[in-house]
Amino acid sequence: MSTQEQRKRLKAYYKRSSAAFEEWRERGYQYPPPKSEPLPPDLVGLQCGAKTRAGTPCKLKAIYANGRCKWHGGESTGPKTPEGKRRSAMNGFCPKKKRSHTD
């Protein structure tokens with residue numbers, strides 16, 4: 001089985017698990033909690049596989065639901081609050097000069 005197929009199966013596993021716990025949350029966390037299915041044995045040691053700076057694949061085994069590790073999980077989505085957007089915009093005006101975030 002290819003790594004791409006394994007990643008798709010891992011994402012589907014996480015989606016099923018989160019759906020079960022979402023249903024439990026909607027029920028008010030009533031006892032007993034839902035039984036989660038075990039991780040399939042062929043997905044237990046799945047590595048990140050993203051290309052590192054050295055050109056080799058990443059070997060980290062702590063994988064998130066998106067199929068990548070904490071270092072290769074994805075790009076930042078940027079600032080969300082007006083304050084964060086203002087601070088981000090300040091970087092373009094004078095990048096070499098130290099500026100205060102309280103201006």
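**Entry 1: aromatic rings**

Rings of Phe, Tyr and Trp count as a pair if their centres lie within 6.5 Å, and planes over 60 degrees apart make the pair edge-to-face. I applied this rule to the structure above, which is a predicted model. My search of the whole structure found three aromatic pairs. One of them joins F21 and W24, with 6.0 Å from centre to centre and 70° between the planes, an edge-to-face arrangement. I noted that F21 and W24 both lie in helix 1, which covers residues 3-26, and that they are three residues apart, about one turn of the helix. An α-helix has 3.6 residues a turn, so residues three or four places apart point the same way.

F21 counts as partly exposed because its relative accessibility is 35%. W24 has a relative accessibility of 18% and therefore counts as buried. The ring of W24 also pairs with that of Y29: the centres are 5.1 Å apart and the planes stand at 90°, so this pair is edge-to-face. I recorded F21, W24 and Y29 as one aromatic cluster.

**Entry 2: helix 1 as a whole**

After helix 1 comes G28, whose phi is positive, near 85°.

**Entry 3: the surroundings of R7**

Which residues does R7 contact, leaving aside its neighbours within four places in sequence? I found L46, Q47, C48, G49, I63, G67 and R68. R7 lies in helix 1 and counts as buried because its relative accessibility is 8%. Its side chain reaches the backbone oxygen of Q47 at 2.9 Å and the backbone oxygen of C48 at 2.3 Å. I also noted the C-alpha atoms of R7 and A65, which are separated by 9.2 Å although the residues are 58 apart along the chain.

**Entry 4: salt bridges**

My search of the whole structure found five salt bridges. In one of them, R16 is joined to E37, with the closest N and O atoms 2.9 Å apart. This pair links distant parts of the chain: R16 is in helix 1, whereas E37 is in the loop between helix 1 and helix 2 (82-93), 21 residues away. R16 is partly exposed, with a relative accessible area of 42%, and E37 is partly exposed at 34% relative accessibility.

E23 forms a salt bridge with R27, and here the closest N and O atoms are 3.8 Å apart. E23 counts as partly exposed, its relative accessible area being 47%; R27 is partly exposed at 35% relative accessibility.

I finally examined E83 and R86, whose salt bridge has its closest N and O atoms 3.0 Å apart. Both residues lie in helix 2, three residues apart, about one turn of the helix. E83 is partly exposed at 38% relative accessibility, and R86 is partly exposed with a relative accessible area of 28%.

Technical notes:
Residues numbered from 1 in each chain as written. Predicted model: local features only at pLDDT ≥ 70, side-chain atom pairs only at ≥ 80, totals over all residues. Heavy atoms only, no water. Phe/Tyr/Trp six-rings, centres within 6.5 Å; stacked < 30°, edge-to-face > 60°. Helix = DSSP H or I, 4+ residues; strand = E, 2+ residues; numbered from the N terminus. Buried < 20%, exposed > 50% of the residue type's maximum accessible area, 1.4 Å probe, protein only. Contact = heavy atoms within 4.5 Å. Polar contact = N/O pair within 3.5 Å; in protein donor to acceptor, adjacent residues only side chain to side chain. Salt bridge = Lys/Arg side-chain N within 4 Å of Asp/Glu carboxyl O.
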